[in-house]
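Please go through the briefing below with the sequence and the 3D view side by side. The points are grouped by topic.

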Amino acid sequence: MTHSIVPCVGTDELILSQAQELRRGTVVLACLALLEEPQYGYALLETLGDAGITVDGNTLYPLLRRLEKQGLLISEWNTDEPRPRKFYRISPEGARVRTGLLREWQDLGAAISRLTKGDR
């Protein structure tokens, strides 16, 4: 077997990059978990950020539209305020998907825990 030595980026940069990959899939679950109560996009960004899940608006808004198109979210415009805002909330199908994703998340967490403790 031959090994090649490839110059690599620093450990901190590598950790940040890999952590971003880990978080990418969790944003859907986080949105489905938070949208039991209707929220508009900017408030959702802040809530996610406060919880430690940093998401860029350029990522979140297309995600919300995609989840709505998939039938997982329902949106409504609130025009009662001077600036109209689109509020999102989870649909019944979205709640079923959230339940399945939470189960998957818990199973993955348990599997990783077993692997890192040597209980293979």
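Arg98 counts as buried, at 16% relative accessibility; buried means under 20% relative accessible area, exposed over 50%, and partly exposed in between (1.4 Å probe, protein chains only). The model is a predicted one, in which local features need pLDDT of at least 70 and side-chain atom pairs count only at pLDDT 80 or more, while totals for chains, interfaces and linings use all residues. Residues are numbered from 1 along each chain as its sequence is written, and side-chain values use heavy atoms, with hydrogens and water left out.

**Salt bridges**

- The whole structure holds five salt bridges, a salt bridge being a side-chain nitrogen of Lys or Arg within 4 Å of a carboxyl oxygen of Asp or Glu.
- Side chains of opposite charge can pair when their charged atoms come close.
- Glu36 has 46% relative accessibility and counts as partly exposed.
- Lys86 and Glu68 also meet through their side chains in a salt bridge, at 3.5 Å from N to O.
- Here Lys86 in strand β3 is linked to Glu68 in helix α4 (residues 57–69), 18 residues apart.
- Both count as partly exposed, Lys86 at 23% relative accessibility and Glu68 at 25% relative accessible area.
- A salt bridge of 3.5 Å, N to O, joins the side chains of Arg89 and Glu76.
- That pair connects strand β3, which holds Arg89, with strand β2, which holds Glu76, 13 residues apart.
- Arg89 is partly exposed with a relative accessible area of 30%, and Glu76 is partly exposed at 45%.

**Helices, strands and the sheet**

- The chain has five helices and three strands; these are DSSP runs numbered from the N terminus, helices being H or I of at least four residues and strands E of at least two.
- Read from the N terminus, the elements follow the order α-α-β-α-α-β-β-α.
- The three strands form an open antiparallel sheet in the order β1-β3-β2, where two strands pair if DSSP finds at least two bridges between them.
- At the edges are β1 (39–40) and β2 (73–78), each pairing on one side only.
- Two bridges join β1 to β3 (residues 85–90) in the antiparallel sense, and Gln39 stands opposite Tyr88 in β3.

- Thr26 is found in helix α2 and is buried, with a relative accessible area of 16%.
- A polar atom of the Thr26 side chain lies 2.6 Å from the backbone oxygen of Arg23.

**The chain as a whole**

- The radius of gyration of the chain is 19 Å, whereas a compact globule of 120 residues would have one near 14 Å; the value is taken over C-alpha atoms, and the globule rule is 2.2 Å times the number of residues to the power 0.38.
- Along the principal axes, the C-alpha atoms fill a box of roughly 65 × 30 × 25 Å.
- Of the 120 residues in the chain, 25% are buried.
- Among contacts (heavy atoms within 4.5 Å) with a separation of 6 or more, 41% come from residues 24 or more positions apart.

Technical notes: A polar contact is a pair of N or O atoms within 3.5 Å; within protein, one must be able to donate a hydrogen and the other to accept it, and residues adjacent in sequence count only if both atoms are side-chain atoms.
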